[in-house]
Amino acid sequence: MKKIAIVGAGGFAREVLWLLTDLGLKSRVGGFFETDEIWREREVSGLPVAPISSLDSGRWEAVLAVGSPAVRRNLRDALPKEITYPTLVHPSVQSSRRVDLAPGVVVCAGSILTCDIVVSEHVHLNLATTVGHDCQLRPFVTTAPAVNISGACDIGELTYIGTNAALREGLKIAAGTTIGMGAIVVSHIEEAGVYVGNPAKKLPKK
(Lines give C-alpha, C1' and ligand atoms only; values in the text may rest on other atoms or scores of the structure.)
Protein backbone atom coordinates (compact mmCIF):
# COMPACT_ATOMS: atom_id res chain seq x y z
CA MET A 1 0.00 0.00 0.00
CA LYS A 2 1.31 3.43 -0.94
CA LYS A 3 2.39 5.98 1.64
CA ILE A 4 0.52 9.30 1.81
CA ALA A 5 2.51 12.48 1.23
CA ILE A 6 1.07 15.70 2.66
CA VAL A 7 2.27 18.36 0.22
CA GLY A 8 2.62 21.52 2.27
CA ALA A 9 3.81 22.04 5.83
CA GLY A 10 1.73 24.96 7.10
CA GLY A 11 -1.46 25.26 9.10
CA PHE A 12 -3.79 23.58 6.62
CA ALA A 13 -1.30 20.74 6.14
CA ARG A 14 -1.47 20.06 9.88
CA GLU A 15 -5.28 20.11 9.67
CA VAL A 16 -5.08 17.54 6.87
CA LEU A 17 -2.98 15.36 9.18
CA TRP A 18 -5.80 15.60 11.74
CA LEU A 19 -8.32 14.60 9.05
CA LEU A 20 -6.19 11.61 8.05
CA THR A 21 -5.87 10.64 11.71
CA ASP A 22 -9.65 10.70 12.15
CA LEU A 23 -9.96 8.52 9.03
CA GLY A 24 -7.58 5.97 10.58
CA LEU A 25 -4.89 6.67 8.00
CA LYS A 26 -2.16 8.29 10.11
CA SER A 27 0.02 5.18 9.93
CA ARG A 28 0.23 5.63 6.16
CA VAL A 29 1.42 9.25 6.34
CA GLY A 30 5.07 9.42 5.36
CA GLY A 31 5.60 13.09 6.12
CA PHE A 32 5.18 16.62 4.86
CA PHE A 33 6.70 17.81 1.58
CA GLU A 34 7.65 21.27 0.31
CA THR A 35 9.00 22.62 -2.96
CA ASP A 36 12.76 22.34 -3.18
CA GLU A 37 13.09 26.15 -3.24
CA ILE A 38 11.66 26.64 0.25
CA TRP A 39 12.42 23.28 1.84
CA ARG A 40 14.48 23.12 5.02
CA GLU A 41 15.07 19.99 7.06
CA ARG A 42 12.88 19.85 10.18
CA GLU A 43 9.89 18.09 11.73
CA VAL A 44 6.26 19.26 11.82
CA SER A 45 3.80 17.56 14.19
CA GLY A 46 6.39 14.84 14.77
CA LEU A 47 6.79 14.02 11.07
CA PRO A 48 9.72 14.83 8.77
CA VAL A 49 9.55 17.56 6.13
CA ALA A 50 11.16 16.57 2.82
CA PRO A 51 11.55 18.16 -0.65
CA ILE A 52 8.94 17.22 -3.25
CA SER A 53 11.73 16.11 -5.59
CA SER A 54 12.05 13.04 -3.37
CA LEU A 55 8.52 11.87 -4.24
CA ASP A 56 8.13 9.14 -6.82
CA SER A 57 4.88 7.83 -8.23
CA GLY A 58 5.62 4.23 -7.35
CA ARG A 59 5.63 4.68 -3.57
CA TRP A 60 3.39 7.66 -2.88
CA GLU A 61 -0.02 9.20 -3.25
CA ALA A 62 -0.31 12.87 -2.40
CA VAL A 63 -2.67 15.32 -0.72
CA LEU A 64 -2.16 18.93 -1.85
CA ALA A 65 -2.55 20.57 1.56
CA VAL A 66 -2.18 24.24 0.64
CA GLY A 67 -5.01 26.77 0.83
CA SER A 68 -4.14 28.91 -2.19
CA PRO A 69 -5.87 27.57 -5.33
CA ALA A 70 -3.11 28.80 -7.66
CA VAL A 71 -0.30 27.39 -5.52
CA ARG A 72 -2.15 24.09 -5.30
CA ARG A 73 -2.41 23.90 -9.09
CA ASN A 74 1.30 24.71 -9.43
CA LEU A 75 2.15 21.93 -6.99
CA ARG A 76 0.02 19.47 -8.97
CA ASP A 77 1.88 20.47 -12.13
CA ALA A 78 5.27 20.05 -10.42
CA LEU A 79 4.61 16.49 -9.25
CA PRO A 80 5.03 13.40 -11.44
CA LYS A 81 1.96 12.92 -13.65
CA GLU A 82 1.61 9.35 -12.37
CA ILE A 83 1.09 10.45 -8.75
CA THR A 84 -2.40 9.59 -7.51
CA TYR A 85 -4.53 11.72 -5.21
CA PRO A 86 -6.95 10.30 -2.63
CA THR A 87 -10.33 11.87 -1.95
CA LEU A 88 -10.57 12.72 1.76
CA VAL A 89 -13.89 13.26 3.53
CA HIS A 90 -13.97 13.71 7.31
CA PRO A 91 -16.24 11.19 9.08
CA SER A 92 -18.46 13.99 10.43
CA VAL A 93 -19.37 15.26 6.94
CA GLN A 94 -23.01 14.83 5.90
CA SER A 95 -23.80 14.21 2.24
CA SER A 96 -26.18 12.25 0.05
CA ARG A 97 -25.14 9.49 -2.31
CA ARG A 98 -25.73 11.87 -5.21
CA VAL A 99 -22.53 13.83 -4.66
CA ASP A 100 -19.65 13.29 -7.11
CA LEU A 101 -16.22 13.87 -5.57
CA ALA A 102 -13.17 13.86 -7.86
CA PRO A 103 -9.63 12.77 -6.94
CA GLY A 104 -7.79 15.18 -4.67
CA VAL A 105 -10.92 16.64 -3.07
CA VAL A 106 -10.64 17.42 0.66
CA VAL A 107 -13.85 17.91 2.68
CA CYS A 108 -13.22 19.00 6.26
CA ALA A 109 -15.13 18.33 9.46
CA GLY A 110 -18.69 19.57 9.87
CA SER A 111 -19.38 20.23 6.20
CA ILE A 112 -22.71 19.41 4.55
CA LEU A 113 -23.23 18.58 0.86
CA THR A 114 -26.83 17.87 -0.09
CA CYS A 115 -27.60 16.30 -3.48
CA ASP A 116 -26.71 16.31 -7.18
CA ILE A 117 -23.43 18.15 -6.58
CA VAL A 118 -20.28 17.83 -8.69
CA VAL A 119 -17.01 18.62 -6.92
CA SER A 120 -14.04 18.67 -9.31
CA GLU A 121 -10.43 17.69 -8.70
CA HIS A 122 -8.44 19.29 -5.89
CA VAL A 123 -11.34 21.28 -4.45
CA HIS A 124 -10.94 22.05 -0.75
CA LEU A 125 -14.03 22.56 1.42
CA ASN A 126 -12.88 23.81 4.79
CA LEU A 127 -14.58 23.36 8.17
CA ALA A 128 -18.40 23.64 8.26
CA THR A 129 -18.88 24.53 4.59
CA THR A 130 -22.39 23.94 3.24
CA VAL A 131 -23.10 23.26 -0.44
CA GLY A 132 -26.67 23.12 -1.73
CA HIS A 133 -28.31 21.02 -4.43
CA ASP A 134 -27.18 21.05 -8.07
CA CYS A 135 -23.95 22.97 -7.49
CA GLN A 136 -20.82 22.55 -9.58
CA LEU A 137 -17.47 23.37 -8.01
CA ARG A 138 -14.76 23.45 -10.64
CA PRO A 139 -11.09 22.47 -10.17
CA PHE A 140 -9.09 24.00 -7.31
CA VAL A 141 -12.00 25.90 -5.74
CA THR A 142 -11.29 26.63 -2.07
CA THR A 143 -13.67 27.56 0.72
CA ALA A 144 -12.52 28.88 4.08
CA PRO A 145 -14.49 27.81 7.19
CA ALA A 146 -18.26 28.35 7.48
CA VAL A 147 -18.93 29.25 3.84
CA ASN A 148 -22.53 28.78 2.66
CA ILE A 149 -23.13 28.08 -1.05
CA SER A 150 -26.82 27.91 -1.96
CA GLY A 151 -28.24 25.58 -4.58
CA ALA A 152 -27.48 25.54 -8.32
CA CYS A 153 -24.32 27.65 -8.14
CA ASP A 154 -21.48 27.19 -10.64
CA ILE A 155 -18.18 28.16 -9.01
CA GLY A 156 -15.36 28.78 -11.48
CA GLU A 157 -11.93 27.18 -11.37
CA LEU A 158 -9.39 28.62 -8.89
CA THR A 159 -12.03 30.58 -6.96
CA TYR A 160 -11.34 31.32 -3.28
CA ILE A 161 -14.27 32.00 -0.93
CA GLY A 162 -13.44 33.53 2.45
CA THR A 163 -14.70 32.64 5.92
CA ASN A 164 -18.43 33.16 6.56
CA ALA A 165 -19.17 34.26 2.99
CA ALA A 166 -22.60 33.34 1.59
CA LEU A 167 -23.76 32.89 -2.00
CA ARG A 168 -27.36 33.19 -3.18
CA GLU A 169 -28.83 30.32 -5.18
CA GLY A 170 -28.28 30.01 -8.93
CA LEU A 171 -25.14 32.13 -9.22
CA LYS A 172 -22.28 31.73 -11.66
CA ILE A 173 -18.87 32.83 -10.38
CA ALA A 174 -16.04 33.62 -12.82
CA ALA A 175 -12.85 31.57 -12.66
CA GLY A 176 -10.12 33.05 -10.50
CA THR A 177 -12.44 35.11 -8.32
CA THR A 178 -11.68 35.88 -4.66
CA ILE A 179 -14.69 36.42 -2.40
CA GLY A 180 -13.76 38.11 0.85
CA MET A 181 -14.55 37.15 4.42
CA GLY A 182 -18.21 37.66 5.31
CA ALA A 183 -19.20 38.77 1.80
CA ILE A 184 -22.82 38.29 0.70
CA VAL A 185 -22.97 37.46 -3.01
CA VAL A 186 -26.40 38.10 -4.54
CA SER A 187 -25.62 38.38 -8.27
CA HIS A 188 -23.48 36.65 -10.89
CA ILE A 189 -19.77 37.47 -10.93
CA GLU A 190 -18.77 37.70 -14.57
CA GLU A 191 -15.29 39.20 -14.16
CA ALA A 192 -12.57 37.82 -11.89
CA GLY A 193 -11.39 40.05 -9.08
CA VAL A 194 -11.73 40.54 -5.34
CA TYR A 195 -15.32 40.97 -4.11
CA VAL A 196 -16.23 42.12 -0.59
CA GLY A 197 -19.16 43.49 1.40
CA ASN A 198 -22.94 43.13 1.54
CA PRO A 199 -23.90 43.00 -1.24
CA ALA A 200 -20.51 41.93 -2.56
CA LYS A 201 -18.85 44.41 -4.90
CA LYS A 202 -15.57 44.31 -6.77
CA LEU A 203 -12.65 46.14 -5.24
CA PRO A 204 -10.89 48.53 -7.62
CA LYS A 205 -7.43 47.52 -8.74
CA LYS A 206 -4.62 49.40 -7.02
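A salt bridge is a side-chain nitrogen of Lys or Arg within 4 Å of a carboxyl oxygen of Asp or Glu. I start with that rule, and the count between domain 1 and domain 2 is 0 salt bridges.

**Entry 1: ground rules.** I am working with a predicted model, where local features need pLDDT of at least 70, side-chain atom pairs count only at pLDDT 80 or more, and totals for chains, interfaces and linings use all residues. Residues are numbered from 1 along each chain as its sequence is written, and side-chain values use heavy atoms, with hydrogens and water left out.

**Entry 2: the domains.** I looked up the division of the protein and found domain 1 (3-78) and domain 2 (88-196); such bounds come from an automatic or database domain assignment. Taken over C-alpha atoms, their centres are 23 Å apart. The contact (heavy atoms within 4.5 Å) takes 18 residues from domain 1 and 20 residues from domain 2.

**Entry 3: the interface.** How much area do domain 1 and domain 2 bury between them? I noted about 1,500 Å², with 72% of it on carbon and sulfur atoms. Buried area here is the accessible area (1.4 Å probe) that two parts lose on being put together, summed over both. Leu-19, Pro-69 and Arg-72 supply 35% of what domain 1 buries against domain 2, more than any other three residues.

I then checked polar contacts: pairs of N or O atoms within 3.5 Å, where, within protein, one must be able to donate a hydrogen and the other to accept it, and residues adjacent in sequence count only if both atoms are side-chain atoms. Across the interface of domain 1 and domain 2 there are 8 residue pairs of this kind, both residues at pLDDT 80 or more.

Helix 1 (11-22), strand 5 (60-64) and helix 2 (69-78) each give two or more residues to the side of domain 1 that touches domain 2. Helix 1 gives the largest share, 7 residues. My helices (H or I, at least four residues) and strands (E, at least two) are DSSP runs, numbered from the N terminus.

Entry 4: I traced an open sheet of 8 strands in the order 6-9-12-15-18-21-23-24, with mixed pairing. Two strands pair if DSSP finds at least two bridges between them. Strand 6 (88-89) and strand 24 (201-202) are the edges, each pairing on one side only.

Entry 5: Most residues other than glycine have a negative phi, and most peptide bonds are trans. Ala-152 has a positive phi, near 60°. A cis peptide bond joins Asn-198 and Pro-199, with omega about 0°.
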